[in-house]
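Q: I have a model open and want to go through a few side chains. Can you help me read it?
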Amino acid sequence: MEAFQGLHAPGGVPEPSSHGNVRLNLDGYGYGYRGSGFPGLKKRGHGHGNRSWIKIDQDGNSKILELDKVTIMRHCSLPSRDLRLLDPLFIYPSTILGREKAIVASLEQIRCIITADEVILMNSLDGCVVQYMSEFCKRLQTNREQAEDLPFEFRALELALDLTCMSLDAQVKELELEVYPVLDELATSINTHNLERVRRLKGHLLALTQRVQRVHDEIEHLMDDDGDMAEMYLTEKKQRSEAYALGDIYFQNDIPGEGRVVSKSEPVSPVRSISGAQKLQRAFSNISPSKHGSLTSSSSSGNNIDQLEMLLEAYFAAVDNSLSKLFSLKEYIDDTEDLINIKLGNVQNQLIQFELLLTAATFVTTIFAVVTGIFGMNFVASIFDYPSAFNWVVIITGLACVFLYLCFLFYFRYKKVLPL
(Lines give C-alpha, C1' and ligand atoms only; values in the text may rest on other atoms or scores of the structure.)
Protein backbone atom coordinates (compact mmCIF):
# COMPACT_ATOMS: atom_id res chain seq x y z
CA MET A 1 0.00 0.00 0.00
CA GLU A 2 2.73 2.40 0.91
CA ALA A 3 5.71 3.02 -1.27
CA PHE A 4 8.05 2.87 1.71
CA GLN A 5 6.72 -0.47 2.92
CA GLY A 6 8.46 -2.29 0.09
CA LEU A 7 11.86 -0.98 1.17
CA HIS A 8 13.74 -3.66 3.11
CA ALA A 9 17.20 -3.89 4.54
CA PRO A 10 19.74 -6.34 3.09
CA GLY A 11 19.45 -10.04 3.91
CA GLY A 12 20.18 -11.04 7.45
CA VAL A 13 19.34 -7.60 8.86
CA PRO A 14 16.11 -7.38 10.88
CA GLU A 15 13.49 -4.80 10.11
CA PRO A 16 13.77 -1.61 12.18
CA SER A 17 11.26 -1.07 14.92
CA SER A 18 9.51 2.16 15.81
CA HIS A 19 11.81 5.17 16.05
CA GLY A 20 14.53 3.24 14.20
CA ASN A 21 17.04 4.78 11.83
CA VAL A 22 17.10 3.81 8.14
CA ARG A 23 18.98 5.30 5.20
CA LEU A 24 17.79 5.24 1.61
CA ASN A 25 19.74 5.92 -1.54
CA LEU A 26 18.44 7.53 -4.69
CA ASP A 27 16.76 4.31 -5.81
CA GLY A 28 15.00 3.95 -2.45
CA TYR A 29 16.75 0.78 -1.25
CA GLY A 30 17.92 0.44 2.32
CA TYR A 31 21.65 0.31 2.65
CA GLY A 32 22.35 0.06 6.32
CA TYR A 33 21.94 1.45 9.76
CA ARG A 34 23.84 4.01 11.68
CA GLY A 35 26.43 2.38 13.85
CA SER A 36 25.58 -1.14 12.66
CA GLY A 37 28.29 -3.70 13.21
CA PHE A 38 26.99 -6.54 11.06
CA PRO A 39 29.78 -8.45 9.32
CA GLY A 40 29.85 -8.32 5.58
CA LEU A 41 27.53 -5.34 5.42
CA LYS A 42 29.08 -2.78 3.15
CA LYS A 43 28.53 0.85 4.06
CA ARG A 44 27.84 3.45 1.47
CA GLY A 45 28.18 7.17 1.63
CA HIS A 46 25.34 9.61 1.74
CA GLY A 47 23.54 10.27 -1.49
CA HIS A 48 23.67 13.83 -2.72
CA GLY A 49 20.71 15.86 -1.50
CA ASN A 50 19.61 13.34 1.13
CA ARG A 51 17.84 14.74 4.15
CA SER A 52 16.60 13.25 7.36
CA TRP A 53 12.84 12.67 7.55
CA ILE A 54 10.49 11.16 10.12
CA LYS A 55 7.75 8.90 8.76
CA ILE A 56 4.67 8.34 10.95
CA ASP A 57 2.13 5.75 9.80
CA GLN A 58 -1.51 5.30 10.76
CA ASP A 59 -0.65 3.02 13.69
CA GLY A 60 1.50 5.67 15.38
CA ASN A 61 4.85 4.07 14.50
CA SER A 62 7.67 6.41 13.49
CA LYS A 63 10.87 5.81 11.56
CA ILE A 64 13.78 8.08 10.77
CA LEU A 65 14.66 7.87 7.07
CA GLU A 66 17.30 9.41 4.83
CA LEU A 67 15.49 10.38 1.63
CA ASP A 68 16.40 12.52 -1.34
CA LYS A 69 14.17 14.90 -3.23
CA VAL A 70 13.51 12.56 -6.15
CA THR A 71 12.20 9.79 -3.88
CA ILE A 72 9.89 12.18 -2.06
CA MET A 73 8.60 13.64 -5.33
CA ARG A 74 7.95 10.20 -6.80
CA HIS A 75 6.27 8.85 -3.69
CA CYS A 76 3.99 11.84 -3.01
CA SER A 77 3.49 13.03 -6.62
CA LEU A 78 4.75 16.50 -5.78
CA PRO A 79 6.55 19.05 -7.97
CA SER A 80 9.98 20.21 -6.94
CA ARG A 81 8.75 23.72 -6.12
CA ASP A 82 6.61 22.33 -3.31
CA LEU A 83 9.61 20.67 -1.70
CA ARG A 84 11.45 23.98 -1.67
CA LEU A 85 8.88 25.17 0.86
CA LEU A 86 10.18 22.49 3.22
CA ASP A 87 13.86 23.24 2.69
CA PRO A 88 15.33 24.59 5.96
CA LEU A 89 18.00 26.48 4.01
CA PHE A 90 15.35 28.83 2.62
CA ILE A 91 13.01 31.10 4.51
CA TYR A 92 9.45 30.86 3.23
CA PRO A 93 6.29 32.14 4.90
CA SER A 94 3.80 29.69 6.36
CA THR A 95 1.99 27.82 3.60
CA ILE A 96 -0.57 25.01 3.31
CA LEU A 97 -0.97 23.44 -0.14
CA GLY A 98 -3.42 20.74 -1.19
CA ARG A 99 -2.17 18.44 -3.94
CA GLU A 100 -3.45 15.30 -5.66
CA LYS A 101 -2.01 12.80 -3.18
CA ALA A 102 -0.56 14.93 -0.40
CA ILE A 103 -0.85 18.09 1.69
CA VAL A 104 2.30 20.20 1.93
CA ALA A 105 2.32 22.10 5.23
CA SER A 106 5.03 24.56 6.20
CA LEU A 107 3.93 26.10 9.49
CA GLU A 108 6.76 27.78 11.37
CA GLN A 109 9.16 24.98 12.44
CA ILE A 110 6.74 22.18 11.48
CA ARG A 111 7.39 21.23 7.86
CA CYS A 112 5.75 18.04 6.70
CA ILE A 113 4.08 16.17 3.85
CA ILE A 114 0.75 14.60 4.78
CA THR A 115 -0.73 11.77 2.73
CA ALA A 116 -3.83 9.65 3.26
CA ASP A 117 -2.00 7.12 5.43
CA GLU A 118 1.30 8.63 6.60
CA VAL A 119 3.10 11.82 7.59
CA ILE A 120 6.62 12.56 6.33
CA LEU A 121 8.03 15.14 8.73
CA MET A 122 11.23 17.13 8.30
CA ASN A 123 13.56 15.85 11.01
CA SER A 124 14.84 18.52 13.36
CA LEU A 125 15.88 18.99 16.96
CA ASP A 126 13.42 21.84 17.34
CA GLY A 127 11.01 21.47 20.23
CA CYS A 128 7.92 21.85 18.03
CA VAL A 129 9.03 19.01 15.73
CA VAL A 130 9.78 16.67 18.64
CA GLN A 131 6.49 17.58 20.29
CA TYR A 132 4.59 17.01 17.05
CA MET A 133 6.10 13.56 16.53
CA SER A 134 5.53 12.39 20.10
CA GLU A 135 2.04 13.87 20.41
CA PHE A 136 0.84 12.56 17.05
CA CYS A 137 2.17 9.05 17.70
CA LYS A 138 0.53 9.12 21.12
CA ARG A 139 -2.82 10.18 19.69
CA LEU A 140 -2.74 7.53 16.96
CA GLN A 141 -1.81 4.76 19.37
CA THR A 142 -4.39 5.87 21.95
CA ASN A 143 -7.27 6.26 19.49
CA ARG A 144 -6.39 3.22 17.41
CA GLU A 145 -9.55 1.34 18.41
CA GLN A 146 -11.79 4.38 18.71
CA ALA A 147 -13.83 5.81 15.87
CA GLU A 148 -12.50 9.15 14.68
CA ASP A 149 -14.63 11.83 13.07
CA LEU A 150 -11.66 13.26 11.18
CA PRO A 151 -9.68 11.36 8.55
CA PHE A 152 -5.99 10.76 9.00
CA GLU A 153 -4.80 13.77 6.99
CA PHE A 154 -7.01 16.18 8.93
CA ARG A 155 -5.81 14.84 12.27
CA ALA A 156 -2.23 15.41 11.16
CA LEU A 157 -3.05 18.90 9.89
CA GLU A 158 -5.01 19.68 13.06
CA LEU A 159 -2.04 18.88 15.27
CA ALA A 160 0.28 20.99 13.09
CA LEU A 161 -2.11 23.94 13.33
CA ASP A 162 -2.59 23.36 17.05
CA LEU A 163 1.13 23.39 17.83
CA THR A 164 1.71 26.37 15.55
CA CYS A 165 -1.07 28.41 17.16
CA MET A 166 0.12 27.45 20.65
CA SER A 167 3.71 28.41 19.78
CA LEU A 168 2.69 31.77 18.32
CA ASP A 169 0.37 32.52 21.24
CA ALA A 170 3.13 31.67 23.73
CA GLN A 171 5.50 34.02 21.91
CA VAL A 172 2.86 36.75 21.95
CA LYS A 173 2.32 36.35 25.70
CA GLU A 174 6.06 36.35 26.33
CA LEU A 175 6.42 39.54 24.32
CA GLU A 176 3.57 41.15 26.23
CA LEU A 177 5.19 40.33 29.57
CA GLU A 178 8.40 41.94 28.34
CA VAL A 179 6.99 44.99 26.56
CA TYR A 180 4.49 46.40 29.06
CA PRO A 181 6.96 46.90 31.96
CA VAL A 182 9.50 48.49 29.61
CA LEU A 183 6.90 50.89 28.23
CA ASP A 184 5.73 51.85 31.71
CA GLU A 185 9.31 52.48 32.76
CA LEU A 186 9.94 54.54 29.64
CA ALA A 187 6.85 56.66 30.33
CA THR A 188 8.23 57.61 33.76
CA SER A 189 11.92 57.82 32.85
CA ILE A 190 12.90 58.82 29.33
CA ASN A 191 16.51 57.89 28.73
CA THR A 192 18.66 56.32 26.03
CA HIS A 193 18.68 52.86 27.63
CA ASN A 194 14.91 52.58 27.79
CA LEU A 195 14.51 53.95 24.28
CA GLU A 196 16.94 51.34 22.95
CA ARG A 197 15.03 48.54 24.69
CA VAL A 198 11.74 49.73 23.24
CA ARG A 199 13.29 49.94 19.76
CA ARG A 200 14.52 46.34 20.02
CA LEU A 201 11.16 45.07 21.29
CA LYS A 202 9.35 46.95 18.54
CA GLY A 203 11.49 45.12 15.97
CA HIS A 204 10.55 41.78 17.55
CA LEU A 205 6.90 42.82 17.54
CA LEU A 206 7.02 43.66 13.84
CA ALA A 207 8.65 40.31 12.93
CA LEU A 208 6.18 38.32 15.06
CA THR A 209 3.23 40.22 13.61
CA GLN A 210 4.33 39.35 10.08
CA ARG A 211 4.57 35.65 10.97
CA VAL A 212 1.17 35.56 12.67
CA GLN A 213 -0.35 37.57 9.84
CA ARG A 214 0.96 35.08 7.30
CA VAL A 215 -0.61 32.13 9.13
CA HIS A 216 -3.82 34.13 9.49
CA ASP A 217 -3.92 34.96 5.77
CA GLU A 218 -3.10 31.39 4.74
CA ILE A 219 -5.97 29.92 6.78
CA GLU A 220 -8.31 32.63 5.53
CA HIS A 221 -7.28 31.89 1.94
CA LEU A 222 -8.07 28.20 2.41
CA MET A 223 -11.45 28.98 3.95
CA ASP A 224 -12.36 31.27 1.05
CA ASP A 225 -11.43 28.74 -1.63
CA ASP A 226 -13.65 25.64 -1.67
CA GLY A 227 -11.50 24.05 -4.36
CA ASP A 228 -8.36 24.18 -2.23
CA MET A 229 -10.22 22.65 0.71
CA ALA A 230 -11.63 19.92 -1.53
CA GLU A 231 -8.12 19.00 -2.68
CA MET A 232 -7.21 18.17 0.93
CA TYR A 233 -9.69 15.28 1.25
CA LEU A 234 -7.01 12.71 0.54
CA THR A 235 -8.69 9.72 2.17
CA GLU A 236 -11.86 10.24 0.19
CA LYS A 237 -9.95 10.65 -3.05
CA LYS A 238 -7.97 7.50 -2.28
CA GLN A 239 -11.17 5.55 -1.67
CA ARG A 240 -12.63 6.80 -4.92
CA SER A 241 -9.47 5.85 -6.76
CA GLU A 242 -9.59 2.36 -5.31
CA ALA A 243 -13.28 2.10 -6.21
CA TYR A 244 -12.47 2.99 -9.80
CA ALA A 245 -9.68 0.45 -9.84
CA LEU A 246 -12.09 -2.25 -8.61
CA GLY A 247 -14.63 -1.14 -11.17
CA ASP A 248 -12.08 -1.37 -13.98
CA ILE A 249 -11.00 -4.85 -12.84
CA TYR A 250 -14.62 -5.99 -12.72
CA PHE A 251 -15.28 -4.53 -16.15
CA GLN A 252 -12.20 -6.18 -17.67
CA ASN A 253 -12.50 -9.62 -16.02
CA ASP A 254 -16.16 -10.29 -15.21
CA ILE A 255 -18.09 -8.65 -18.02
CA PRO A 256 -16.04 -10.02 -20.98
CA GLY A 257 -16.25 -13.51 -19.44
CA GLU A 258 -20.00 -13.30 -19.26
CA GLY A 259 -20.07 -12.13 -22.82
CA ARG A 260 -18.16 -15.20 -23.92
CA VAL A 261 -20.53 -17.50 -22.05
CA VAL A 262 -23.55 -15.80 -23.51
CA SER A 263 -22.09 -15.93 -27.00
CA LYS A 264 -21.73 -19.73 -26.76
CA SER A 265 -25.30 -20.20 -25.56
CA GLU A 266 -28.07 -19.98 -28.10
CA PRO A 267 -30.60 -17.77 -26.30
CA VAL A 268 -29.73 -14.88 -24.05
CA SER A 269 -31.22 -15.30 -20.59
CA PRO A 270 -33.02 -12.17 -19.44
CA VAL A 271 -32.45 -13.04 -15.77
CA ARG A 272 -28.72 -13.45 -16.30
CA SER A 273 -28.48 -10.14 -18.15
CA ILE A 274 -30.35 -8.33 -15.40
CA SER A 275 -28.12 -9.82 -12.71
CA GLY A 276 -25.01 -8.74 -14.62
CA ALA A 277 -26.35 -5.24 -14.94
CA GLN A 278 -27.13 -5.18 -11.24
CA LYS A 279 -23.59 -6.28 -10.43
CA LEU A 280 -22.18 -3.56 -12.63
CA GLN A 281 -24.50 -1.02 -11.05
CA ARG A 282 -23.44 -2.09 -7.57
CA ALA A 283 -19.77 -1.89 -8.57
CA PHE A 284 -20.19 1.70 -9.67
CA SER A 285 -22.76 2.74 -7.06
CA ASN A 286 -20.23 4.75 -5.03
CA ILE A 287 -18.47 6.26 -8.03
CA SER A 288 -19.30 9.71 -9.36
CA PRO A 289 -20.02 10.14 -13.09
CA SER A 290 -16.73 11.86 -13.79
CA LYS A 291 -13.62 9.87 -12.89
CA HIS A 292 -11.23 12.74 -13.40
CA GLY A 293 -13.34 15.11 -11.36
CA SER A 294 -13.59 12.73 -8.42
CA LEU A 295 -9.85 12.15 -8.32
CA THR A 296 -8.87 15.78 -8.48
CA SER A 297 -11.54 17.29 -6.26
CA SER A 298 -13.61 15.65 -3.60
CA SER A 299 -16.23 18.40 -3.74
CA SER A 300 -16.65 18.62 -7.50
CA SER A 301 -19.58 16.20 -7.30
CA GLY A 302 -21.29 18.07 -4.49
CA ASN A 303 -19.42 16.65 -1.50
CA ASN A 304 -19.52 18.50 1.80
CA ILE A 305 -16.43 20.41 2.96
CA ASP A 306 -17.92 21.69 6.21
CA GLN A 307 -15.76 19.28 8.19
CA LEU A 308 -12.51 20.92 7.10
CA GLU A 309 -14.04 24.38 7.18
CA MET A 310 -15.06 24.00 10.83
CA LEU A 311 -11.57 22.75 11.64
CA LEU A 312 -9.97 25.76 9.99
CA GLU A 313 -12.41 28.19 11.60
CA ALA A 314 -11.34 27.10 15.08
CA TYR A 315 -7.67 27.80 14.44
CA PHE A 316 -8.48 30.91 12.43
CA ALA A 317 -10.14 32.30 15.55
CA ALA A 318 -7.09 31.38 17.65
CA VAL A 319 -4.67 33.04 15.22
CA ASP A 320 -6.96 36.06 14.92
CA ASN A 321 -6.92 36.39 18.72
CA SER A 322 -3.11 36.37 18.74
CA LEU A 323 -3.09 38.91 15.94
CA SER A 324 -5.48 41.14 17.90
CA LYS A 325 -3.13 41.00 20.90
CA LEU A 326 -0.22 42.07 18.71
CA PHE A 327 -2.24 44.96 17.26
CA SER A 328 -3.23 46.04 20.78
CA LEU A 329 0.41 45.86 21.81
CA LYS A 330 1.41 47.96 18.81
CA GLU A 331 -1.26 50.53 19.67
CA TYR A 332 0.03 50.66 23.25
CA ILE A 333 3.54 51.27 21.94
CA ASP A 334 2.23 54.00 19.63
CA ASP A 335 0.34 55.61 22.53
CA THR A 336 3.48 55.50 24.66
CA GLU A 337 5.47 57.09 21.85
CA ASP A 338 2.85 59.82 21.54
CA LEU A 339 3.04 60.41 25.29
CA ILE A 340 6.83 60.60 25.10
CA ASN A 341 6.64 63.05 22.20
CA ILE A 342 4.19 65.20 24.19
CA LYS A 343 6.51 65.18 27.18
CA LEU A 344 9.52 66.01 25.04
CA GLY A 345 7.54 68.78 23.36
CA ASN A 346 6.59 70.18 26.75
CA VAL A 347 10.20 70.12 27.90
CA GLN A 348 11.24 71.82 24.69
CA ASN A 349 8.62 74.54 25.21
CA GLN A 350 9.86 75.12 28.74
CA LEU A 351 13.41 75.47 27.45
CA ILE A 352 12.25 77.96 24.85
CA GLN A 353 10.43 79.98 27.51
CA PHE A 354 13.47 79.98 29.74
CA GLU A 355 15.64 81.01 26.80
CA LEU A 356 13.22 83.85 26.04
CA LEU A 357 13.35 85.15 29.62
CA LEU A 358 17.10 84.85 29.65
CA THR A 359 17.37 86.75 26.36
CA ALA A 360 15.17 89.58 27.68
CA ALA A 361 17.26 89.79 30.87
CA THR A 362 20.46 89.81 28.80
CA PHE A 363 19.05 92.62 26.68
CA VAL A 364 18.24 94.94 29.60
CA THR A 365 21.52 94.05 31.32
CA THR A 366 23.37 95.01 28.18
CA ILE A 367 21.67 98.42 28.24
CA PHE A 368 22.80 98.92 31.84
CA ALA A 369 26.33 97.83 30.95
CA VAL A 370 26.45 100.23 28.00
CA VAL A 371 25.48 103.19 30.20
CA THR A 372 28.00 102.35 32.90
CA GLY A 373 30.62 101.73 30.25
CA ILE A 374 30.12 105.17 28.80
CA PHE A 375 30.74 106.77 32.18
CA GLY A 376 33.79 104.65 32.62
CA MET A 377 35.44 106.17 29.56
CA ASN A 378 38.21 108.75 29.94
CA PHE A 379 36.65 111.94 28.60
CA VAL A 380 36.05 115.43 29.99
CA ALA A 381 32.47 116.25 31.04
CA SER A 382 30.91 118.73 33.48
CA ILE A 383 28.88 115.96 35.13
CA PHE A 384 32.04 114.59 36.70
CA ASP A 385 32.25 117.81 38.76
CA TYR A 386 29.39 116.48 40.95
CA PRO A 387 30.40 113.52 43.18
CA SER A 388 26.85 112.08 43.45
CA ALA A 389 26.06 112.38 39.74
CA PHE A 390 27.35 108.89 38.89
CA ASN A 391 25.23 107.31 41.64
CA TRP A 392 22.07 108.91 40.28
CA VAL A 393 22.90 107.75 36.77
CA VAL A 394 23.33 104.16 37.98
CA ILE A 395 20.06 104.25 39.97
CA ILE A 396 18.05 105.75 37.14
CA THR A 397 19.54 103.34 34.59
CA GLY A 398 18.82 100.33 36.84
CA LEU A 399 15.21 101.37 37.38
CA ALA A 400 14.79 101.90 33.65
CA CYS A 401 16.15 98.41 32.92
CA VAL A 402 13.82 96.82 35.50
CA PHE A 403 10.86 98.69 34.01
CA LEU A 404 11.86 97.56 30.53
CA TYR A 405 12.13 93.92 31.70
CA LEU A 406 8.66 94.11 33.27
CA CYS A 407 7.35 95.50 30.02
CA PHE A 408 8.78 92.45 28.26
CA LEU A 409 7.05 90.12 30.74
CA PHE A 410 3.68 91.82 30.35
CA TYR A 411 4.06 91.69 26.59
CA PHE A 412 4.83 87.93 26.70
CA ARG A 413 1.81 87.38 28.91
CA TYR A 414 -0.39 89.40 26.61
CA LYS A 415 0.80 87.34 23.64
CA LYS A 416 0.42 84.14 25.73
CA VAL A 417 4.01 83.18 25.10
CA LEU A 418 4.67 82.49 28.76
CA PRO A 419 2.25 80.92 31.29
CA LEU A 420 2.55 83.80 33.74
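Q: Is Asn194 buried or exposed?
A: Asn194 counts as buried, because its relative accessibility is 1%. Bear in mind that this is a predicted model.

Q: Where does Asn194 lie, and what does its side chain reach?
A: Asn194 lies in helix 5. Its side chain reaches the backbone oxygen of Ser189 at 2.9 Å.

Q: Switching to charges. How many salt bridges does the structure hold?
A: The count is 15.

Q: Which residue does Glu185 pair with?
A: Glu185 forms a salt bridge with Arg197, with the closest N and O atoms 3.5 Å apart. This pair links distant parts of the chain: Glu185 is in helix 4 (residues 152–188) and Arg197 is in helix 5, 12 residues apart.

Q: And what about Glu236?
A: The side chain of Glu236 meets that of Arg240 in a salt bridge, 3.2 Å from N to O. They are separated by about one helical turn, because they sit four residues apart in helix 7 (residues 234–264).

Q: Is Arg240 buried or exposed?
A: Arg240 is buried, at 13% relative accessible area. Glu236 is partly exposed, at 21%.

Q: Which residues are networked with Glu135?
A: Salt bridges link Glu135, Arg139 and Asp162 in a network. Between Glu135 and Arg139, the closest N and O atoms are 3.2 Å apart.

Q: Last one. Which residues form the negative surface patch?
A: Asp217, Glu220, Asp224, Asp226 and Asp320. Helix 5 (residues 192–224) gives the most, with three residues. Asp226 is found in helix 6 (residues 226–231), and is partly exposed at 43% relative accessible area.

Note on methods:
Residues are numbered from 1 along each chain as its sequence is written. This is a predicted model: local features need pLDDT of at least 70, side-chain atom pairs count only at pLDDT 80 or more; totals for chains, interfaces and linings use all residues. Side-chain values use heavy atoms; hydrogens and water are left out. Patches are made of residues with over 30% relative accessible area and no salt bridge: like charges are joined within 9 Å, nonpolar side chains (Val, Leu, Ile, Met, Phe, Trp, Tyr) within 5 Å. Accessible areas come from the Shrake-Rupley method with a 1.4 Å probe; for residues, only the protein chains shown count as cover. A salt bridge is a side-chain nitrogen of Lys or Arg within 4 Å of a carboxyl oxygen of Asp or Glu. Lys and Arg count as positive and Asp and Glu as negative; His and the chain ends are not counted. The place of a charge is taken as NZ of Lys, CZ of Arg, CG of Asp or CD of Glu. Helices (H or I, at least four residues) and strands (E, at least two) are DSSP runs, numbered from the N terminus. Buried means under 20% relative accessible area, exposed over 50%, partly exposed in between (1.4 Å probe, protein chains only). A polar contact is a pair of N or O atoms within 3.5 Å; within protein, one must be able to donate a hydrogen and the other to accept it, and residues adjacent in sequence count only if both atoms are side-chain atoms.
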